[in-house]
Amino acid sequence: YREALGGLYLIRFIRKHFWLCLFRPFKARHTYLEIQKRISDAQGQTWIHGVGDKEEDVFQPVSHSEGHTLIIGTTGSGKTRCFDLLISQAILRDETVFIIDPKGDRDLRDKAKRACEMLGRGDKFLSFHPAHPKESIRINLLANWTRPSEIADRIASLIPSASESDPFKNFAFGALNAICNGLCNVYRNPTLKNLKHYLAGTGSGAVSGLVVDALNSYLRRTKPEKVQELETFIATQKKHDSESLALALVEYYQAHGPHDPDIDDLVSMFTHNKEHFGKMITSLLPILSMLTSGVLGDMLSPPESIEEKQKNTWRDTNDLIAWNHVVYVGLDSLSDPMVGSAIGALFLSDLACVAGARYNFEGLEPEVETASRTVNIFVDEAAEVVNAPFLQILNKGRGAHLKLFVATQTLSDFVSRMGSKDRAYQLLGNLNNRICLRCIDTETQNFVADSLPKTKVMSIQRTQGLSTTVHEPVPRGGSLGERMAEEEVPLFLPQLLGMLPNLEFIASLSGGHIYKGRYPLILKDKSEYKA
């Protein structure tokens with residue numbers, strides 16, 4: 001079997017299993033054939049890993065992973081298995097874990113759950129998946145915010161646009177901001193459902209009830225001495241419909257004041273031309289409709305009444321961190337990519353808001369013990385959910401103790417999503433640790449290889465010559481020369497990245513430490529031998 005794995009491996013095998021070969025040669029032969037079959041069935045070129053006489057475990061200080069980690073690899077190269085190992089280690093360290101998986105890989109979810117159960121944290125595992133509502137938690141992705149404009153911004157960012165100055169996107173932000181301010185004025189929490197209700201019903205007068213409540217509440221707070229006059233005015237107008245009452249209150253507000261920018265925005269939206277308003281939000285309404293329809297709407301939008309809310313437990317990202325949960329979020333992007341992308345983006349936006357709060361208030365509230373807890377965020381197929389808050393977490397998440405592990409197949413995924421190579425490289429520049437498994441995209445291969453340092457190779461050039469003349473063909477003299485030259489070459493050729501076997505990688509960790517490694521193969525049967 002020398003031809004199969006090479007003479008060097010055969011010698012190593014005999015040394016390692018000397019007594020097995022001596023006393024049980026048939027068992028040794030069977031084991032060797034099993035290893036041969038496992039290696040021959042593997043993808044890639046196994047000789048790439050054949051450097052050195054032995055393998056050593058690779059360790060990285062946990063603090064070094066705070067610079068975030070990029071994992072690159074084509075389909076089937078081992079990204080999910082890499083996540084398995086990193087997630088299990090984070091669970092073992094008793095840290096909070098969020099897993100955002102656009103594909104909805106059930107195997108990844110089950111392994112994270114099993115790791116929690118084996119380590120005594122089974123009650124801390126939670127999952128969310130639009131296709132499995134009975135197994136999923138209910139989560140409010142608009143629960144954490146400091147200013148109402150944050151909610152408007154995270155929803156408006158879901159609108160696909162070619163530039164930041166898109167008039168439809170900016171108009172949608174203004175409308176959302178006005179409704180959020182109106183809801184806050186009457187002490188109601190914005191949810192996906194009530195935002196969609198007021199936006200979709202603006203032309204039919206559905207928002208008039210919010211205008212009446214907001215103006216009534218505002219005028220009572222700012223002019224307590226005229227409450228009686230206000231009540232009398234409202235009583236005389238109640239015989240009309242809600243839109244007429246709202247228009248009358250708008251006239252009263254504009255005549256008596258005092259004026260407030262937030263109320264002015266709500267009034268401006270209410271009095272806007274209904275036909276033009278409907279055209280300007282045509283790109284926003286489909287997104288809100290998808291996020292609020294059917295069972296998904298019940299999973300993402302909590303009811304406003306306390307009685308209804310008490311029927312189910314509602315979560316938000318801040319609570320999940322406070323209770324140190326391990327949360328798997330399947331986006332089901334294969335079935336509905338637009339909804340999956342929107343849920344993932346909202347989830348990251350909410351986490352960015354929590355990170356901002358931890359940044360701002362850490363140390364100011366000693367009773368809050370979760371401010372320094374490490375939060376690990378694993379994002380598979382990250383290009384599908386990348387947005388501005390995602391970049392903010394990369395830029396500033398370290399100070400809030402957030403660590404991202406970002407997986408993608410190619411750099412082109414980020415370029416396509418972000419609209420330009422410069423913006424994609426801006427994102428990649430925030431990922432200090434890079435692990436590259438097999439990738440077949442040429443641009444990605446060059447990006448990884450160029451980030452590695454060059455190395456120098458010594459070469460020996462030998463020359464020889466004989467001296468003859470035309471009249472005397474027999475050599476009369478000769479020369480021999482030898483010269484040593486030093487040449488700078490790539491440390492790892494880009495083309496070899498497309499030939500790596502499954503689970504093998506090139507990594508740049510902890511500020512430039514370069515490794516050629518492979519992930520451990522964990523076999524179920526203890527009697528089997530590792531390849």
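Contact here means heavy atoms within 4.5 Å. Helices (H or I, at least four residues) and strands (E, at least two) are DSSP runs, numbered from the N terminus. Axes are lines fitted to C-alpha atoms, for helices over the stretch in contact, with angles from 0 to 180 degrees between N-to-C directions.

A few notes from my read-through follow.

1. Ground rules. This is a predicted model, in which local features need pLDDT of at least 70 and side-chain atom pairs count only at pLDDT 80 or more, while totals for chains, interfaces and linings use all residues. Residues are numbered from 1 along each chain as its sequence is written, and side-chain values use heavy atoms, leaving out hydrogens and water.

2. Strands E1 (residues 69–72) and E8 (residues 402–408) run parallel and are joined by 4 bridges. Look for isoleucine 71, which stands opposite alanine 407 in E8.

3. The largest cavity. A cavity is a set of points, on a 1 Å grid over the protein atoms alone, where a 1.4 Å probe fits but cannot get out; lining residues have an atom within 4 Å of a point. The whole structure has 2 cavities of 30 Å³ or more, and the largest has a volume of about 60 Å³. Its lining includes Ile72, Arg434, Cys436 and Ser508. Strand E9 (433–436) and strand E12 (504–509) each supply at least two lining residues.

4. The second largest cavity. This one holds about 40 Å³ of space and is lined by Leu219, Arg220, Lys223, Lys226, Val227, Leu230 and Tyr252. Helix H10 (208–222) and helix H11 (227–237) each give two or more of the lining residues.

5. A helix pair. The axes of H10 and helix H12 (residues 242–256) come within 8 Å and cross at roughly 35 degrees. Among the residues making the contact are Val211, Leu215 and Leu219 of H10 and Leu245, Leu249 and Tyr252 of H12.

Notes:
Two strands pair if DSSP finds at least two bridges between them. On a 1 Å grid over the protein atoms alone, a cavity is a set of points where a 1.4 Å probe fits but cannot get out, and a pocket is an open set with protein on both sides within 12 Å along at least five of seven lines; lining residues have an atom within 4 Å of a point. Grid points are joined across faces, edges and corners, and a volume is the space filled by probe spheres set on the points.
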